[in-house]
Amino acid sequence: MTKVFVAVDIGASSGRLMLAKLENNQLQLQEVHRFKNGFTYSQGHDRWNIDNLINEILIGLKKIKQAGYDQVTLGIDTWAVDYVLVDKKGNRLQDPVAYRDARTQGSIKKLTSQLSKEYIYKKTGIQFLDFNTLYQLYVEDKNLLARTDKIMMIPDYLGYILTGKAVTEVTNASTTQMLSLREGLFDDHLLEKVNVKSSQFPKLVEAGTILGQIKESLVEQYNLPATEVITVATHDTASAVVGTPGLGQRWAYLSSGTWSLIGTELNVPENGKQAFEQNYTNEWGAYGTYRFLKNIMGLWIIQNIKHELDDRYSFAELAELAGQEVPFQQLINVNDERFQNPKNMIKELQAYCRETRQKVPQTPGELAMAVYANLALYYANELEVLDHILNYRIDTLNIVGGGSNVTLLNQLTATLSDVDVYAGPSKATAIGNIIVQMITKGEILNVYLGRQLIANSFPIKKFVPQKDQSTQVLKHYQRFIAEH
């Protein structure tokens with residue numbers, strides 16, 4: 001009987017259940033359920049509706065049973081850093097606060113007045129971002145923490161609700177900036193500074209750990225298939241990297257979605273002086289690897305623009321309109337905190353351009369091009385930084401995720417960075433989720449063979465630097481470097 005694998009892949013704006021089977025040495029992927037996600041303001045903070053996520057997972061599994069599948073395995077991946085506080089009875093104390101909530105503004109400065117940045121980075125190897133779990137817990141309600149028996153990352157909590165078993169998966173746990181890079185455990189000194197104890201986290205497990213069967217009560221109540229839950233690489237970026245085909249000799253990856261995560265896969269972490277100064281992170285990957293990467297704001301800005309234009313244009317249509325505009329009409333710091341969660345993204349972009357005395361984008365095409373052109377500049381710059389830190393030249397960039405569909409952005413990136421770009425698959429996160437499940441169940445031997453399977457199963461488009469445009473493009477890049 002053909003084994004059936006289900007990826008629950010939840011991002012900041014949407015989620016989906018993907019069903020996968022191995023047929024004729026190719027991975028067949030089918031979306032069976034899609035749903036919206038997002039945070040809303042409640043009880044003084046931006047919060048996730050975790051009950052809705054649980055309900056959508058159950059709806060998706062019910063659809064799978066109705067489609068004739070009685071037995072499946074399942075893995076869950078979501079975004080990182082956010083958590084659920086659970087009491088001794090297993091009850092959730094509150095809906096989890098979203099990482100884009102304003103509560104952590106300035107928290108890095110406050111905490112690093114007690115422990116230096118150098119000390120924290122040497123301990124953890126993790127980049128400094130206001131929304132890291134370390135700083136969220138630093139500002140968390142101390143009364144709530146005192147009542148907390150277990151702190152669970154979002155995907156671990158979803159797995160707990162389904163199976164009744166609690167773990168802390170390492171690829172997501174590493175993003176908290178509280179794991180010791182060398183010891184592989186939560187660092188008690190850092191935990192002490194944020195009023196929590198290591199015993200408040202469920203046991204640490206590696207990606208590929210079998211969690212257990214979905215509760216029989218849920219199976220009966222919702223008419224679900226018999227489902228074995230595997231704790232995959234639960235951080236969506238970790239799954240996306242597993243789902244990257246890894247084409248090229250010295251390849252880097254760009255997981256292009258709400259966030260742009262650009263970096264490479266290492267077997268040994270890099271937390272030296274250069275990495276610290278450039279704020280690179282050593283997040284843990286599957287199977288003993290490290291995701292050495294940098295966060296860039298990503299398509300979050302485009303997602304907001306689309307929504308503020310009343311969703312009159314699809315993402316593809318916005319990219320097409322952008323292609324009709326001249327690139328590099330303005331230089332925009334896409335990582336500026338003002339773009340993290342503004343009331344109106346279009347007005348914020350336009351205000352930025354006015355304040356910096358640059359051409360103000362007005363039309364949908366101009367707005368989209370302003371974002372895409374500046375993202376490409378940032379990608380090219382970070383590849384150059386990566387070369388310097390690692391002391392070798394990256395020759396290939398593998399772009400995966402939704403952004404791999406944006407031809408304009410892919411071509412600009414190839415020309416600016418002077419590297420070959422391989423775009424696809426767009427569903428790399430779900431695919432990586434599935435690959436870990438398949439390795440655990442013995443369908444694939446290892447990640448290397450899994451990546452070969454990916455390259456043979458999904459369309460991947462190659463972009464090469466456009467030499468005829470490189471001279472003109474280089475002028476804009478040099479101006480970008482001079483101003484940054």
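1. Thr237 is buried in this predicted model, with a relative accessible area of 4%. The residue belongs to helix 10, which spans residues 236–242. Setting aside residues up to four places away in sequence, Thr237 touches Ser255, Leu261, Arg291 and Leu293. The value of 4% falls under the 20% cut-off, so Thr237 is classed as buried.

2. Val229 is in strand 12 and counts as buried, at 2% relative accessibility. Neighbours within four places in sequence aside, Val229 is in contact with Leu74, Thr163, Ile210, Leu211, Gly212 and Ile214. Val229 and Gln177 are 52 residues apart in sequence, and their C-alpha atoms are 27 Å apart in space.

3. The other open sheet to be noted has seven strands in the order 15-16-14-13-17-18-19, and here too the pairing is mixed. Strand 15 (281–284) and strand 19 (461–463) are the edge strands, each pairing on one side only. The twist averages 30° from one strand to the next.

4. Strand 17 (residues 396–400) pairs with strand 18 (residues 420–423) in the parallel sense, over four bridges. Asn398 has Tyr422, in strand 18, as its bridge partner. The loop from strand 18 to helix 17 contains Pro425. The peptide bond from Gly424 to Pro425 is cis, with omega near 5°.

5. Strand 4 (residues 39–42) and strand 5 (residues 45–48) run antiparallel and are joined by four bridges. Phe39 has Trp48, in strand 5, as its bridge partner. The two strands form a hairpin with two residues between them.

6. Gln43 lies in the loop between strand 4 and strand 5, and its phi is near 50°, a positive value in a residue other than glycine. Gln43 is exposed, with a relative accessible area of 65%. That figure is over the 50% cut-off, so Gln43 is classed as exposed.

7. Gln177 also has a positive phi, of about 65°, although it is not a glycine. The residue is found in the loop between helix 7 (170–173) and helix 8 (188–193). Gln177 is buried, with a relative accessible area of 0%, whereas Gln43 is exposed. For background, most residues other than glycine have a negative phi.

8. On the surface, Leu445, Tyr448 and Leu449 form a nonpolar patch, and together they have about 360 Å² of accessible area. Tyr448 is in helix 18, residues 447–457. Its relative accessible area is 58%, and Tyr448 is therefore exposed by the cut-off of over 50%.

9. For a check of the model, the backbone points to inspect include the cis bond from Gly424 to Pro425, the positive phi of Gln43 and the positive phi of Gln177.

Key: Residues numbered from 1 in each chain as written. Predicted model: local features only at pLDDT ≥ 70, side-chain atom pairs only at ≥ 80, totals over all residues. Heavy atoms only, no water. Patch = residues over 30% accessible without salt bridge, like charges linked within 9 Å, V, L, I, M, F, W, Y side chains within 5 Å. Areas by Shrake-Rupley, 256 points an atom, 1.4 Å probe, with all protein chains shown as cover. Salt bridge = Lys/Arg side-chain N within 4 Å of Asp/Glu carboxyl O. Buried < 20%, exposed > 50% of the residue type's maximum accessible area, 1.4 Å probe, protein only. Pairing = 2+ DSSP bridges. Axes fitted to C-alpha atoms, helices over the stretch in contact; angles between N-to-C directions. Contact = heavy atoms within 4.5 Å.
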